[in-house]
Amino acid sequence: MSVAEEQVRRQKSVLIVEDNETAASMLQEFLESKGYAVTYRLDGSSALEYIETHTPYVVFMDIQMPGMNGFEVVRKMRAHTNPAIANAIIVGVSALYLFDQKDRFRDQGLDAFVAKPFDMYHILDVLSSYTD
């Protein structure tokens, strides 16, 4: 595989971190139908374990999860010694998003934000802004 082909494959790699399995599965199916390679994890700890052996290009991170919340996972990713993990594109996801909190979310290490319930085509717009 050429370097260019590897870059395109990597840009299609998506991890969803979402404690609602139905929502995660629906988003996974939708993104796979659009050509993305998608997996999901249901909590922050298993997401951190996953990224040790798989390096997603884009991570959709639920902010409010039991146990380790999304901001904690983001901080650990941003502090990672592997630059591919530390510099992954992280899109925050929450039902409690308020437009005036946009700067706060960016200060927490998020590159973008998507409100729940998901607008699948808005998610595609966000993805394409980072992968095309």
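## Strand pairing

Two strands count as paired if DSSP finds at least two bridges between them. Strands (E, at least two residues) and helices (H or I, at least four) are DSSP runs, numbered from the N terminus. This is a predicted model: local features need pLDDT of at least 70, side-chain atom pairs count only at pLDDT 80 or more, and totals for chains, interfaces and linings use all residues. Residues are numbered from 1 along each chain as its sequence is written, and side-chain values use heavy atoms, with hydrogens and water left out.

## The sheet

Five strands form an open sheet in the order E2-E1-E3-E4-E5. The pairing is parallel. Strand E2 (37–41) and strand E5 (112–115) are the edges, and each pairs on one side only. From one strand to the next, the twist averages 20°. Angles run from 0 to 180 degrees between N-to-C directions; axes are lines fitted to C-alpha atoms, for helices over the stretch in contact.

Strand E4 (residues 89–94) pairs with E5 in the parallel sense over 4 bridges. Val91 has Ala112 of E5 as its bridge partner.

## Helices on the sheet

H3 packs on the sheet and touches strand E1 (13–17) and E2. Contact means heavy atoms within 4.5 Å. The direction of H3 makes about 160° with that of E1.

Helix H7 (residues 120–131) also packs on the sheet. H7 touches E1, E3, E4 and E5, and its direction makes about 170° with that of E5.

## Pro56

Pro56 sits in the loop between helix H3 (44–53) and strand E3 (58–62). Its relative accessible area is 3%, so Pro56 is buried (under 20%; exposed is over 50%, partly exposed in between; 1.4 Å probe, protein chains only). Pro56 and Ala88 are 32 residues apart in sequence. In space, C-alpha to C-alpha, Pro56 and Ala88 are 7.0 Å apart.
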